[in-house]
Amino acid sequence: MVLFALVARLIMLALVAALVAAATRGAGQLWWVALLAVAGLPAVLAPDHRLLGPLGRFAEVVVVGLGAGAVAAQAGALPSGAGAGAILPYLTVPLTAAALRRRTTEAGVLLAVAAAVLAVAGAMVGADGERQIGKLWYLASCAQWLVLAGLGGVTGGALQRGAASRQERPQPYAEATRLLTQLRSVARQLPGATLDPGGIAEHLLDELRTVARADRAAVLSASGGGRLVVVAQSGAERVDWETRLDADSAIADAWASQQPQTSNRSQARSHPPDAEVSALVVPLVAGLRTIGLVAIEADVAAAYPPSVVNRVLAVTAPAALRLEAALLFDEVRSLATNEERQRLAREIHDGVAQELVMVGYGIDNALATLTSPSPDPSSPRPWPEQAKETAEELRVLRGEVTRVITELRLSLFELRSEVDRHGGLAAAIAEYARTVGQSAGLRVHLSLDESTARLPAATEAELLRIAQEAITNARKHAGAANLWVTCAVDPPFAQIEISDDGQGISEQRPDGRYGLAIMQERAERIRGRLEIKSRQPNGTTVAVVTGTSSRRDSL
């Protein structure tokens, strides 16, 4: 920056010197240029010093103003007073320099000082015995360069602010780190230290039941694809809520208008159409965004007059921000988990898996060399007993390496498996079961019943991992021949059941116990229920249920 300022000043001094010499037809007034060079030294050597920098720029402005009056009086080659324009171009240098250092006030003061000095210098009697202040050319030159110097200062300030904003903008990862750190601190101060969308939604429903009658209630949030997902619900039975946003319903109207909607028609697809009912749908709005909806219903007419609606709004208004924070945190956690799984899959594939394949090739080469016939068919190579034993050990070792490679490939498939937005949970579980069954020689029996509505993404991900762990345990530890996979999804209800005809849970190897503990933790995370029991006549059944079913299952 210092070098750039020095070069700019030298170029401007050379230009001004040439103009002054041409205007005065001689070198008599060039001493003003030399005085400018001396006056600008502090501003060049210490531009950011709180005293020397402003003092040097102030001296430059004063010298330019006085020099303009003197040169105007001596400029015989130009109209009377026009010679001031020979030295005035240098006025842009100190003003632009101050603006580039974000000294806006200083630039304004320098512009005012320049105007004052030019007025004083023009009012003084020059060498020609006349005052320049009354001459049109002098006034025009001063006004022109004062405006240009002011524009230069404004432009320099704008450029500096733009460059500073780009430099000061945090990098994406630094900003993410800052926000996540704040989120962690805030989360620890929340009631229950939780950011679980299901827990927050259930707490909201509990609060609503204290201010309004609610025989059925649900909290719904967006899931993409023009549908909503049921985050939580309460009532005597499971309700098949209308989740389409293009349907003719109070739910769709509330989402589009961001205003509470009342109706004498149930918002559930399974509810009898002629039954007497009152429905209230309240949007959860944070800022300008609709986060979700709260739907409550009562089996009486006119259950939600304006006074009740106002009480409900008083409860739902602060809950919108809490639910939005929980949903955002849930999404960030899912993205981070998926990214880590993909990273681990890449590392295993590019590292251990490739090395094991090379080991297998090496065993194959050694076995081929050891068992190859003699080059001369008439004299077969005699094989000692030790060589035959070594060949057999190599075959066993090759089989073990093949088994480990197969395990790694299945692990990679498990790490990379995700619930596709269009395929659904049942499709993801079925694909994994078929792949594992084909690899392990298991006969897989599938029973899939999935609604068009979707569970929350985090719930789907956890249910998929539980199913994967149960299928993996059956393949590794049960010694089973058959695998039964049942998947029933009707949000917010879901039931996954994995059964095998193997040796049973009580006789399985202990290294499968860690997987059982992980399944239990995953089920608790989505507020589900996990049961592991023996199957008759033999085998094991692992079942997980989330939500409430209208059927009273034995689980």
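## Accessibility and an exposed loop residue

A residue counts as exposed when its relative accessible area is over 50%, as buried when that area is under 20%, and as partly exposed in between. In this predicted model, Ala 302 has a relative accessible area of 70%, and because this value is over the cut-off of 50%, Ala 302 counts as exposed. Ala 302 sits in the loop that runs between strand E5 (289-298) and helix H11 (306-371).

## Backbone angles that stand out

Most residues other than glycine have a negative phi, and most peptide bonds are trans. The place of Gln 258 is the loop between helix H10 (250-257) and strand E3 (261-263), where Gln 258 is partly exposed, with a relative accessible area of 29%.

Which form does the peptide bond from Gln 536 to Pro 537 take, cis or trans? The bond is cis, and its omega is near 5 degrees. Pro 537 belongs to the loop that lies between strand E9 (529-534) and strand E10 (540-546).

## Salt bridges

Side chains of opposite charge can pair when their charged atoms come close. The structure holds 10 salt bridges, and one of them joins Asp 299 and Arg 216, whose closest N and O atoms are 2.8 Å apart. This pair links distant parts of the chain, for Asp 299 is in the loop between E5 and H11, while Arg 216 is in strand E1 (residues 216-224), and the two are 83 residues apart. Asp 299 is partly exposed, with a relative accessible area of 35%, whereas Arg 216, at 10% relative accessibility, counts as buried.

Another salt bridge is formed by Arg 322 and Glu 207, with 3.7 Å between the closest N and O atoms. Here too the pair links distant parts of the chain, as Arg 322 lies in helix H11 and Glu 207 in helix H9 (residues 197-209), 115 residues apart. Arg 322 is partly exposed, with a relative accessible area of 36%, and Glu 207 is also partly exposed, with a relative accessible area of 27%.

## A network of charged side chains

The side chains of Glu 106 and Arg 103 meet in a salt bridge of 3.8 Å, taken from N to O. Glu 106 has a relative accessibility of 14% and counts as buried, while Arg 103, at 24%, counts as partly exposed. Why do these two residues fall into separate classes? The value for Glu 106 is 14% and the value for Arg 103 is 24%, so they lie on either side of the 20% cut-off under which a residue counts as buried.

How many residues the pairing reaches is a further point to consider.

## Contacts between separate parts of the chain

Leu 66 lies in helix H4 (residues 52-74) and, at 34% relative accessibility, counts as partly exposed. Leu 66 and Ala 121 are 55 residues apart in sequence, and their C-alpha atoms are 5.4 Å apart in space.

Val 308 lies in helix H11 and is buried, with a relative accessible area of 9%. From C-alpha to C-alpha, Val 308 and Arg 213 are 9.3 Å apart in space, although they are 95 residues apart in sequence.

## A surface patch and a cavity

On the surface, Val 38, Leu 41 and Leu 45 form a nonpolar patch, and together they have about 320 Å² of accessible area. Leu 41 lies in helix H3 (residues 41-45) and is partly exposed, with a relative accessible area of 45%.

The structure also holds two cavities of 30 Å³ or more, and the second largest cavity has a volume of about 30 Å³. Which residues line the second largest cavity? The lining is made of Val 230, Val 239, Asp 240, Trp 241, Thr 243, Arg 269, Ala 453 and Pro 491, and these residues divide into five nonpolar, one polar and two charged.

Notes. Residues are numbered from 1 along each chain as its sequence is written. This is a predicted model: local features need pLDDT of at least 70, side-chain atom pairs count only at pLDDT 80 or more; totals for chains, interfaces and linings use all residues. Side-chain values use heavy atoms; hydrogens and water are left out. Helices (H or I, at least four residues) and strands (E, at least two) are DSSP runs, numbered from the N terminus. Buried means under 20% relative accessible area, exposed over 50%, partly exposed in between (1.4 Å probe, protein chains only). Patches are made of residues with over 30% relative accessible area and no salt bridge: like charges are joined within 9 Å, nonpolar side chains (Val, Leu, Ile, Met, Phe, Trp, Tyr) within 5 Å. Accessible areas come from the Shrake-Rupley method with a 1.4 Å probe; for residues, only the protein chains shown count as cover. A salt bridge is a side-chain nitrogen of Lys or Arg within 4 Å of a carboxyl oxygen of Asp or Glu. On a 1 Å grid over the protein atoms alone, a cavity is a set of points where a 1.4 Å probe fits but cannot get out, and a pocket is an open set with protein on both sides within 12 Å along at least five of seven lines; lining residues have an atom within 4 Å of a point. Grid points are joined across faces, edges and corners, and a volume is the space filled by probe spheres set on the points. Ala, Val, Leu, Ile, Met, Phe, Trp, Tyr, Cys and Pro count as nonpolar, Asp, Glu, Lys and Arg as charged, and the others, Gly among them, as polar.
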